[in-house]
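Please keep the sequence and the structure in view while reading.

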Amino acid sequence: MPNRLVRLCVILSSLFLLHPGQLHAAPYLRSWIQEYDLESTDAQEAKAIGIDSRGNVIVAGSAEKPGSSEEALYIAKYDGFTGEIIWERTLTATNDMVPTSLAIDSTDSIVIVGTRNDSSDEDFFIMKVNSVGNNASGFSIPIVYDGTAGGFDSPAKVIVDSDDNIIVVGISFVESGGQGDFYTRKLSPTGTLLGEDRYNPFNRNDAATDVAVDSDDNIIVVGSVTNSDSDIGIQFVIRKLNTSVNPIWTRLITTSSEGDGDGGATAVAVDAADNVFATGLFTNVSNHHGYYTIKYDVNTFARRDSFYTITQFFT
């Protein structure tokens, strides 16, 4: 097979300048570029990026091991100003390890989550290294989570709260031959399990895709739930959990101003007043796809939503 060189690149450049009514692109002034390329391997790809309190850039990705089809986990830390490598690390396990998300805590330690393949299924892995790239306390080896069904378990996003607790969301299977759950898992800074939440109201395939915390470290998770009613289909879901990972409220959203249809939340944000904003895909009864964005007011739970189909593209 011809060798395919897929480079890991980090590029810092100037931002767009926003003027009233128009978006003008300023000339790009590239500050630096870094490439990671194992020429003897077939596939390499960066998957996640973060910036620590000193402005250093952390990148996590995967790279096929030389002479093998297995994928190793690669982590690099770059000086944010010069682009010079501060340290880099490759974790060569006996199974594929592909990161999906990373988060940086108040000590500049780095939490990385992803999937680890074995011979029969995929599992979560959760890895934490300190600011100099060494394994953090409690993480001498990556923590691996395999749902009791031994099926496809995959994390979508990791964040840390104000106490540096680790919160991971994704999909997990609890019954053999069953359906995937909308899943949240919370760990202490040293990897001790603090709580978990599974949500699968219709025993269909569900998945969490993003997570945020409010000022009290309550957890807001969004994603999609498949309704048992085929006329409803896939629903946009927002679920709020307390610090013990117990549900406070859940909202399943099936309608918009354009009618009912499949949808799914892909991202969530919480503002300074703890109002919840979520966005994602919605498909109306006319099979038109669009942006769907919703706000829940923290005090009144009033719902304000917007369905938008793009008719103009910026160049």
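The structure is a predicted model. Its mean pLDDT is 80, and 72% of the residues reach 70 or more.

**Confidence along the chain**

- Among the elements of the protein, strand 17 has the highest mean pLDDT, at 96.
- The lowest mean pLDDT, 40, belongs to strand 1, which covers residues 8-12.
- Over residues 1-23 the pLDDT stays under 50, and the model has 57 contacts beyond four places in sequence for this stretch.

**Aromatic rings**

- A pair of aromatic rings is described by two quantities, the distance of the centres and the angle of the planes.
- Six aromatic pairs are found in a search of the whole structure.
- One of them joins Phe 124 and Tyr 145: the ring centres are 5.7 Å apart and the planes stand at 80°, so this pair is edge-to-face.
- This pair links distant parts of the chain, since Phe 124 lies in strand 11 (residues 122-129) and Tyr 145 in strand 12 (residues 143-145), 21 residues apart.
- Phe 124 has a relative accessible area of 0% and is therefore buried.
- Tyr 145 also counts as buried, because its relative accessibility is 12% and the cut-off for buried is under 20%.
- Phe 124 forms another edge-to-face pair with Tyr 183, with 6.0 Å from centre to centre and 75° between the planes.
- Here too distant parts of the chain are linked, as Tyr 183 belongs to strand 15 (residues 180-187) and is 59 residues apart from Phe 124 in strand 11.
- Both Phe 124 and Tyr 183 are buried.
- Through these ring pairs, Phe 124, Tyr 145 and Tyr 183 are linked into a cluster.

**A charge over a ring**

- Arg 251 places its charged end over the ring of Tyr 296, at 5.7 Å from the ring centre.

- Strands of a sheet pair through backbone hydrogen bonds, either parallel or antiparallel.
- In this model, four strands in the order 17-18-19-20 form an open sheet with antiparallel pairing.
- Strand 17 (207-213) and strand 20 (247-253) are the edge strands, each pairing on one side only.
- On average, neighbouring strands of this sheet are turned by 20° against each other, direction ignored.
- Strand 19 (residues 234-241) runs antiparallel to strand 20, and six bridges join the two.
- Leu 241 has Pro 247 in strand 20 as its bridge partner.

Notes:
Residues numbered from 1 in each chain as written. Predicted model: local features only at pLDDT ≥ 70, side-chain atom pairs only at ≥ 80, totals over all residues. Heavy atoms only, no water. Phe/Tyr/Trp six-rings, centres within 6.5 Å; stacked < 30°, edge-to-face > 60°. Buried < 20%, exposed > 50% of the residue type's maximum accessible area, 1.4 Å probe, protein only. Lys NZ or Arg CZ within 6 Å of the ring centre and 35° of its normal. Pairing = 2+ DSSP bridges. Axes fitted to C-alpha atoms, helices over the stretch in contact; angles between N-to-C directions. pLDDT = per-residue confidence, 0-100. Contact = heavy atoms within 4.5 Å.
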